[in-house]
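Below are my notes on the model, as numbered points. Please read them with the structure open.

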Amino acid sequence: MDIVGAGPAGLVLALLLARRGRSVRVFERRPDPRRAHPEGGRSINLALAARGMRVLRAADALDALREFCVPMPGRMLHVDGNQQFIAYGQRADETLYSISRATLHEQLTRSAATVVNIELNFGQRCLGLQSCNAGLLRMRDEVSGREYELRSEFIIGADGAGSALRDGLCAAGALQVREERLAHGYQEFTIPAQDGRHVWPPQALHIWPRGSFMLIALPNNDGSFTATLFLPEQGRDSFASLAAEPHALRALFEREFPDASALMPQLEAEALAHPPSSLGTVYCEPWQAPGRVLLLGDAAHAIVPFHGQGMNCALEDCLLFDELLGTGNDFAAAAAQFEERRRPDTDAIAQMALENYLEMRDSVRDPLWQRRKALALELEQRFPARFIPRYSMVMFHAEIGYADALRRGAVQQAILEELTTGDAIDWTRAARLVTERLAPVSAPAY
């Protein structure tokens, strides 16, 4: 079995398949991360949540990553010169873990390299499909420039949002692709350590919510933070307006994020080295060419990063497909079942990721939002089997599918709105609404 793409999804899928005794070849256009300097500025720090950690554990890859993870049990809001910590949940295990993409990539590569039935091939670019029916890939060696054909019995595309394999299937008429670009982009910066230490408490995702835009910063285990600026692409306070004026970026930071600006001496140099990148959601149908090819992860359903679930979702894809293969299905049957079961969940997380952008950049400042957040936590304490805040369902309850989290979250939001119309909470009414409208949580079908 051949996998195109050696990012987290491709490598973890290879590890899962190899544990079942399958021989796997992995082809990646980039150099070997154990030897090459990592790409910078084009990606966002990753937040490991319960779903991703469950998959990494199943692939025997989690223990090797723990020393590189920084726990984040909540958000730290930077508003009006003050910092306000808001916990994600109320249990010790409701914690996210920040890890740099480069570190994760390197460590997963090292894990895969120790497995005898995994063959890693770096510097090999997929140019597309020569023949879907025959399983022929067009490839190019990035060092020598030599182009060649690769024959594969089964092909899995895990080559990301810009998937060459998906483009090849689309060109062959095997599937249709639609990308909905967000009118906002992002740019990545560094907040360096001071004397080897973090300049702010590292146990949080730091957010500067500013209504139509925001800055976030995720801690790294070397004492630095990776900061990401999200701005509209056009208009006032946009990437277009910053490009029109040489000193506009520093002026924006000094006005909107003064505590961060004072700690970022390389701001302008980093902006020149790493220009803004776009954001969007990829919708693809189908995800497979019957019997031969399957797309998963970002290649099939890339999402915007505002729920911290892109990688976690892709890893969950890998676990489901591996489990379907492990039940005795052949490749074609497993691929068909995978798409049927998984698509409702990936559509749901795509929607929730877009909705969470508004929450992060604006809603978190709203006293009513904070009141409803506190009420949701209280309802969870009183009715733990029925009421779980939507954010918690997505991030900390891997047993709840994304589609179910979206559905239950809508019911819960309506309950919160009904209960906060006045000053005091009617707990008798709250108990009735929760009991009548929310059945106890059940696990998904996979």
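1. Asp237 is buried, at a relative accessible area of 13% (buried is under 20% relative accessible area, exposed over 50%, partly exposed in between, with a 1.4 Å probe and protein chains only). Its place is the loop between E16 and H5; helices (H or I, at least four residues) and strands (E, at least two) are DSSP runs numbered from the N terminus. The phi of Asp237 is positive, near 50 degrees, in a residue other than glycine.

2. On sources: this is a predicted model, in which local features need pLDDT of at least 70 and side-chain atom pairs count only at pLDDT 80 or more, while totals for chains, interfaces and linings use all residues. Residues are numbered from 1 along each chain as its sequence is written, and side-chain values use heavy atoms, with hydrogens and water left out.

3. Asp80 is not a glycine either, yet has a positive phi of about 55 degrees. This residue sits in the loop between strand E5 (74-79) and strand E6 (82-87). Is Asp80 buried or exposed? With a relative accessible area of 71%, Asp80 is exposed.

4. Asp60, which follows H2, also has a positive phi, near 60 degrees. Within helix H2 (residues 50-58), the buried residues are Arg51, Gly52, Met53, Val55 and Leu56. Between the C-alpha atoms of Leu56 and Glu188 there are 26 Å, and the two residues are 132 apart along the chain.

5. Glu188 belongs to strand E13 (residues 176-191) and is buried, its relative accessible area being 11%. E13 is also among the elements that cover the buried residues of H6; the others include strand E15 (214-219), strand E16 (225-232), helix H5 (239-244), helix H7 (258-261) and helix H8 (267-273). Contact here means heavy atoms within 4.5 Å. In H6 (residues 248-256), Ala248, Leu249, Arg250, Leu252, Phe253 and Glu256 are buried.

6. Pro286 deserves a look of its own. Pro286 is in the loop between strand E17 (277-285) and strand E18 (288-289).

7. Helix H11 (residues 331-361) packs on H14 at an angle of about 50 degrees, the axes being 7 Å apart. H11 is therefore oblique to H14 (under 35 degrees is roughly parallel, over 145 roughly antiparallel, 65 to 115 roughly perpendicular, the rest oblique). Axes are lines fitted to C-alpha atoms, for helices over the stretch in contact, and angles run from 0 to 180 degrees between N-to-C directions.

8. Helix H12 (residues 367-382) packs on helix H14 (residues 402-419) at about 110 degrees, with 10 Å between the axes. H12 and H14 are therefore roughly perpendicular. Arg372, Leu375, Ala376 and Leu379 of H12 make the contact with Gln413, Leu416, Glu417 and Leu419 of H14.
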